[in-house]
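Q: I am new to this structure and would like a close look at one part of it. Please start with the layout of a chain and then follow the strands and helices in some detail.

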2 protein chains.
Amino acid sequence: MTVAILSIGTELTRGEILDTNAHWLAGELTAAGFTVTAADTVDDDLDRIVTCIQRLLRTHLLVIATGGLGPTTDDLTAVAAARALGVDLVRNESALLAIRQRVESRGAILNPGHEKQADLPANAEVLPNTAGTAPGFLLTATGASIAFLPGVPREMKTMFTEQVLPRIRSQSPSNTHQIRLRTYGYGESIVGQHLAGLETLYPGLTVGYRVHFPEVDVKVHVRATTQSVARDVACEAAVEVRRRLGDVVFGEGEEEFPEIVGRAISARGWQLAVAESCTGGLLSHLLTSFPASSYFVGGAVTYANDAKTRLLGVPDQMLRSHGAVSAEVAIAMAEGARRLHQVDVALAVTGIAGPSGGTATKPVGLVHWAIAHPGGTSAQHRIFPGGRDDVRYGAAYAALDLLRRTAVNLSVR
Amino acid sequence: MTVAILSIGTELTRGEILDTNAHWLAGELTAAGFTVTAADTVDDDLDRIVTCIQRLLRTHLLVIATGGLGPTTDDLTAVAAARALGVDLVRNESALLAIRQRVESRGAILNPGHEKQADLPANAEVLPNTAGTAPGFLLTATGASIAFLPGVPREMKTMFTEQVLPRIRSQSPSNTHQIRLRTYGYGESIVGQHLAGLETLYPGLTVGYRVHFPEVDVKVHVRATTQSVARDVACEAAVEVRRRLGDVVFGEGEEEFPEIVGRAISARGWQLAVAESCTGGLLSHLLTSFPASSYFVGGAVTYANDAKTRLLGVPDQMLRSHGAVSAEVAIAMAEGARRLHQVDVALAVTGIAGPSGGTATKPVGLVHWAIAHPGGTSAQHRIFPGGRDDVRYGAAYAALDLLRRTAVNLSVR
C-alpha cells in the first residue's frame, strides 16, 4: 500500500525549520512495511491545504499529515480537513474534556485557544495525545484514510506510535523486516566501504545509512515472500554487518550511546565522576539524560583555569608549563575528579571548542581526554573538524567511547 | 510569485536521509522575496516523477527540483523531465564536453555513466556545475520554468547561487518583510491570546508562531506594495508585539536564550558559577554552547547527595530534614557554588526529573532553583509537566530566566 506524508506549515516552506517529522515518519512507515511515495509540504494557506488533502487522498490509500493543530489563528488544519472532506467542523466534547484535564493538571485555565483545538471535522475519530494538548484525528473518505497529528515532534512521535501504527499495521503488506544497528567510530563512507557488496549476498536486502553526528545508523531492510522469511534474512544480514564492523556497532534499535555507556558502568558496579572543560557540561548532560543514571555521582565543569586548580587540584605550575589543553592536564583533571568524588572511575575532557582560541600548535578542535580507573590512568587526543558544536559533541562521544571500552574491556582504539 | 520545490529520491521517501536541500532552498528563496507554497518529495519512480513535474508546473510559475541527475540507473530525472514536457532526450554536446573535462581533470576516464549525464531534454538550457560532474538544466513550458539541480548539497547550493538565482531574481516581488521575535515565559496559547486581533490592525500582516520548547517564536510577516512599506509596517507591528508581551520577548532574529542571558551577565561584569542536580549538566551546557562564555567560571554537577555536601557544603542535616529537593537545599547549593568558585553570582537547580522518584508531596517534575548574588539569595519552584527531557529543559530555562531577570533588573516573575 502506498502512503503519503503531508507536512503543513509556513515555517517549513519558508525554510525556518527542517522537516524532521517527515523524515522520521518516512523511516517508521518504511520499517513497518509501507511504501512511501510522496512527502509533500504546504504552507499555512487554507485553500492550498484543502487542495493537498484532496489530491493525496485521490492518489494514496493512507496519508499521514502533521502540523497546524495548535491553538493559534495560523493553525488551519482542522478547518481545512473538514472542508476537504465536505463535512462540518464541530466541537468534540470528549476531546474538549481531555484538553481541559490536561490543561488543568498543569494548574492552568482553559482558554479559547485550547477550546479551538477540540473543534474537529464531523465523524473524525479522535486520536488522544498523551504527550501534549492538541488531539489528533483520523478521517476516512472513499476508501482512503488520513491521520492528522500535531507538528511538535515529541507529540507527533508518541501519537503515531501509540495511536496510528496499531490502527494501520494490519494494512501493511507485512513482508518486510528491518533491523537498525547503531554505530559510533567510523564515518559514513568508511561504514559504507566495510559493507560494500552486502546487498548482493542476501536476496531482498537494502542497506540504508543515516548519519546523526557523530553516530551512523545502518538499516538492514529486507523484503521477502513472507515476513518470517524477511526476518530470518534480516537477522542473518545483521550478523554479517556486526562481523564486518566489529565493536563499532554499539547497539540496536532505539538504544542511545550514552545509555549503553551508562549501562556498562552500572554493570561493573562502578561509580562515575566527570570533569569537563571544553564540553562545558555536555558530558554530564548526556549521561544523565537517561533514567537509571545513579552510577553517576557528579561532575565538575571547570571552565576557567582557576576552577581546575581549586576543584580538581590541577597544579598551577602544570597549567602554566603544559597549558590547559594538554594530556597532562586531562590526566590531572581525571585523577582530581576521582579523588574529589571518591569514585572508582573518572573521565575528563579539555580542549579548544572554538571558534577562536586556537594557536599554530594547538588548533581549534584539539581535545585531550583521560580516564582514571582502578587499572590506571590513560589519555587520548584528537583534532575534531567542524564548528563549536561538532567539536563539543565529537569530544563528548570520544570520551564516552573510551569509558565504554574501559568498562567492557574492549580494545581501546 | 509562488515557487515550488521538488525533491526526487527514494532515499528521502524511505526516511534514510533528511532533506536538507529543500530546507536550504526554501530559506534562500524566501530571503530573495519569493513565496514558496509547496515542497514536495517523490520517490525514484518514472511515472510519479513525470506526474509531479506536470502538476507543479500547472500550479506554480517556478519550480526548483533536486536529485536524480547522477550516473546510475536509478537516476531518472532527465528522462522524466523530457517526458513531462513531451520532448525528446538528446545528447547535449556542450554538456558532454564539460563533463569530459571535469572527469579527465581528476585523472579519470569518461564512462557510459558520465555520458548519460549529458542526455538532456531538447531545448534545455544547461546550468554548468562548477562543483561536480552532473550539469543542471532549466526548462520552460507554457510560461512556467523548472530548474533541475543535483541532489549533492554542495553542488546544489553552488549551482543555485551561481546559475539559478541570477536568472530568477528579477521575478521576485520583493515586497515582504519579516521580523522574528523570540519569547520565553508564556505557552503558545497565552502568546496567541495576547496577540489576538493584531492582524486586523496592520494591513498585510500575518502573525506566525513556532514552538521549540520551552520557547515560542512570534513571526511578524508583512506583505505590502513595496518592500520599504512592508518593512515599516513590520517594525510597527513588532513594536506592538513587544508592548503586549513585555519582557517575555527576550530577543530578535537568531539570538538564542542562553546567549542573551550570558550577554546580560557579561554586561554586568559578573562571573558566574552553577550547581546542578536534576538538570545534570544541561545548564552549564546551554551557557557554554555559545562563544564568549568566559563569564562562566565553572559548574558543579552534584547528582548524588554526598556530592552536594562534599563540593557545595550543603549540610547533611539539611538534606535529611528537608530532602534534596527543597528550597533550603537549592539556596545552600547556590551559596555553596558562589563560595566554591569565589564568584559574584551562582545559580542552583535541584529537582525530580523522573520518570520515577516522585512522592505524593514531591511529585515528578518538582524543581527548586535559587540564585545567590550580591543583592542576596532567592529561590523559586515549579512542577514541570511532561517527560524527563521536558522537566530538565523546563527547569534549565526557568533558572536561566531568573538569572536574566536578576542581571537586567527585571521584575522576577
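How far apart do the C-alpha centres of domain 1 of chain A and domain 3 of chain A lie? Which strands form the open sheet of ten, and in what order?

A: This is a predicted model. The C-alpha centres of domain 1 and domain 3 of chain A lie 44 Å apart. The domain assignment of chain A gives domain 1 as residues 2–171, domain 2 as 176–252 and domain 3 as 257–407. Chain A has 16 helices and 17 strands, and its C-alpha trace spans about 80 × 60 × 40 Å along its principal axes. Of the 413 residues of chain A, 57% count as buried. When contacts in chain A between residues at least 6 apart in sequence are taken, 67% join residues at least 24 apart.

Ten strands form an open sheet with mixed pairing, in the order 17(A)-16(A)-15(A)-13(A)-14(A)-14(B)-13(B)-15(B)-16(B)-17(B). The edges are held by strand 17 (376–383) of chain A and strand 17 (376–383) of chain B; each has a single partner strand, so one side of each has no neighbour in the sheet. On average, and ignoring direction, neighbouring strands of this sheet are turned by 10° against each other.

Within the sheet, strand 15 (residues 345–351) of chain A pairs with strand 16 (residues 366–373) of chain A in the antiparallel sense, over six bridges. Thr350(A) stands opposite His368(A) of strand 16 of chain A. Helix 16 (residues 388–407) of chain A packs on the sheet, where it touches strand 13 (272–276), strand 15, strand 16 and strand 17 of chain A. The direction of helix 16 of chain A makes about 25° with that of strand 16 of chain A.

In chain B, helix 15 (residues 327–341) lies across strand 13 (272–276), strand 14 (296–302), strand 15 (345–351), strand 16 (366–373) and strand 17 of that chain. Helix 15 of chain B runs at about 40° to strand 16 of chain B.

Turning to chain B, six of the seven residues of strand 1 are buried, so strand 1 of chain B is largely enclosed by the rest of the structure. Strand 1 of chain B pairs with strand 2 (residues 35–42) of chain B in the parallel sense over seven bridges, and Ser7(B) stands opposite Thr41(B) of strand 2. Strand 1 of chain B also pairs in the parallel sense with strand 3 (residues 62–66) of chain B, over five bridges; here Ala4(B) stands opposite Val63(B).

Strand 1 (2–8) is also among the elements of chain B that cover the buried residues of helix 4, which include helix 3 (46–59) and strand 7 (136–141). In helix 4 (residues 77–85) of chain B, the buried residues are Thr77(B), Ala78(B), Ala80(B), Ala81(B), Ala82(B) and Ala84(B). Just after helix 4 of chain B, Gly86(B) takes a positive phi of about 65°.

Last, the cysteines. The structure holds zero disulfides over all chains. Cys278(B) is buried, because its relative accessible area is 4%, while Cys235(B), at 37%, counts as partly exposed.

Key. Residues are numbered from 1 along each chain as its sequence is written. Chains are lettered from A and ligands numbered from 1 in the order in which they are written. This is a predicted model: local features need pLDDT of at least 70, side-chain atom pairs count only at pLDDT 80 or more; totals for chains, interfaces and linings use all residues. Side-chain values use heavy atoms; hydrogens and water are left out. A disulfide is a pair of cysteine sulfur atoms within 2.5 Å. Buried means under 20% relative accessible area, exposed over 50%, partly exposed in between (1.4 Å probe, protein chains only). Two strands pair if DSSP finds at least two bridges between them. Helices (H or I, at least four residues) and strands (E, at least two) are DSSP runs, numbered from the N terminus. Axes are lines fitted to C-alpha atoms, for helices over the stretch in contact, and angles run from 0 to 180 degrees between N-to-C directions. Contact means heavy atoms within 4.5 Å. Domain bounds come from an automatic or database domain assignment.
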